[in-house]
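Work through the exercises below with the coordinates loaded. Each task is followed by a solution in steps.

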Amino acid sequence: MIPTDKPFSKRRNGLVKKAYELSIICNIEIALIIFSPSGRVRHFSGKKRIEDLLSRYINLLDQDRGW
């Protein structure tokens with residue numbers, strides 16, 4: 001176990017909780033992708049599958065993405 005794993009997992013859990021709360025309170029679709037210090041990928045999506053949200057984002061025009 002890497003020394004930063006414990007604080008990372010606590011912060012990750014806090015981020016996922018906040019993302020979930022935000023999706024409920026604001027009635028929004030949300031996707032969260034987190035890369036751990038050890039290289040693992042974790043993801044969270046509120047109401048829909050993360051793949052559906054990502055494909056929707058990819059298909060947006062650049063100006064609609066906020067770029």
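**Exercise 1. Surface and burial**

Task: Find the accessible surface of the chain and the share of it that belongs to carbon and sulfur atoms.

Solution. Step 1: the accessible surface comes to about 5,500 Å², by the Shrake-Rupley method with a 1.4 Å probe, where for residues only the protein chains shown count as cover. Step 2: carbon and sulfur atoms hold 58% of this surface. Step 3: the chain has 67 residues, and 19% of them are buried. Buried means under 20% relative accessible area, exposed means over 50%, and partly exposed is in between (1.4 Å probe, protein chains only).

**Exercise 2. Confidence and numbering**

Task: State what kind of model this is and where its confidence is lowest and highest.

Solution. Step 1: this is a predicted model, in which local features need pLDDT of at least 70 and side-chain atom pairs count only at pLDDT 80 or more, while totals for chains, interfaces and linings use all residues. Residues are numbered from 1 along each chain as its sequence is written, and side-chain values use heavy atoms, with hydrogens and water left out. Step 2: pLDDT is the predictor's confidence in each residue, from 0 to 100; its mean over the chain is 82, and 82% of the residues reach 70 or more. Step 3: confidence is lowest in helix α2 (residues 50–58), with a mean of 85, and highest in strand β1 (residues 31–35), at 90. Step 4: where pLDDT is low, predicted coordinates should not be read in detail.

**Exercise 3. Fold pattern**

Task: Give the number of helices and strands and their pattern along the sequence.

Solution. Step 1: take helices (H or I, at least four residues) and strands (E, at least two) as DSSP runs, numbered from the N terminus. Step 2: the chain then has two helices and two strands. Step 3: along the sequence they follow the pattern α-β-β-α. Step 4: count contacts, meaning heavy atoms within 4.5 Å. Of those between residues at least 6 apart in sequence, 25% join residues at least 24 apart.

**Exercise 4. The nonpolar core**

Task: Which residues make up the largest nonpolar core?

Solution. Step 1: a nonpolar core is a set of buried Ala, Val, Leu, Ile, Met, Phe, Trp, Tyr and Cys residues joined through side-chain atoms within 4.5 Å. Step 2: the largest such core has six residues, namely F8, A19, I30, L32, I34 and F44. Step 3: α1 and β1 each supply at least two residues of this core. Step 4: leaving out residues up to four places away in sequence, F44 touches V16, A19, Y20, I30, A31, L32 and I50. Step 5: K17, in helix α1, is exposed at 52% relative accessibility. The C-alpha atoms of K17 and F44 are separated by 9.7 Å, and the two residues are 27 apart along the chain.

**Exercise 5. A serine in a strand**

Task: Is S45 buried or exposed, and which backbone atom does its side chain reach?

Solution. Step 1: S45 lies in strand β2 (residues 41–45). Step 2: its relative accessible area is 18%, so S45 is buried. Step 3: the side chain of S45 reaches the backbone nitrogen of I50 at 3.4 Å. Step 4: beyond four places in sequence, S45 touches I30, A31, I50 and L53.

**Exercise 6. Salt bridges**

Task: How many salt bridges are in the whole structure, and what does the pair E29 and R56 tie together?

Solution. Step 1: search for a side-chain nitrogen of Lys or Arg within 4 Å of a carboxyl oxygen of Asp or Glu; the whole structure gives two salt bridges. Step 2: E29 and R56 form one of them, at 2.5 Å from N to O. E29 is in the loop between α1 and β1 and R56 in helix α2, so the pair ties together parts that are 27 residues apart in sequence. Step 3: E29 is partly exposed at 35%, and R56 is exposed at 51%. Step 4: R49 and D52 also form a salt bridge, at 3.5 Å from N to O. R49 is exposed at 52%, whereas D52 is partly exposed at 36%.

**Exercise 7. Backbone at N27**

Solution. Step 1: most residues other than glycine have a negative phi. Step 2: phi of N27 is near 55°, a positive value in a residue other than glycine. Step 3: N27 sits in the loop between α1 (5–25) and β1, and is exposed at 57% relative accessibility.

Notes:
Polar contact = N/O pair within 3.5 Å; in protein donor to acceptor, adjacent residues only side chain to side chain.
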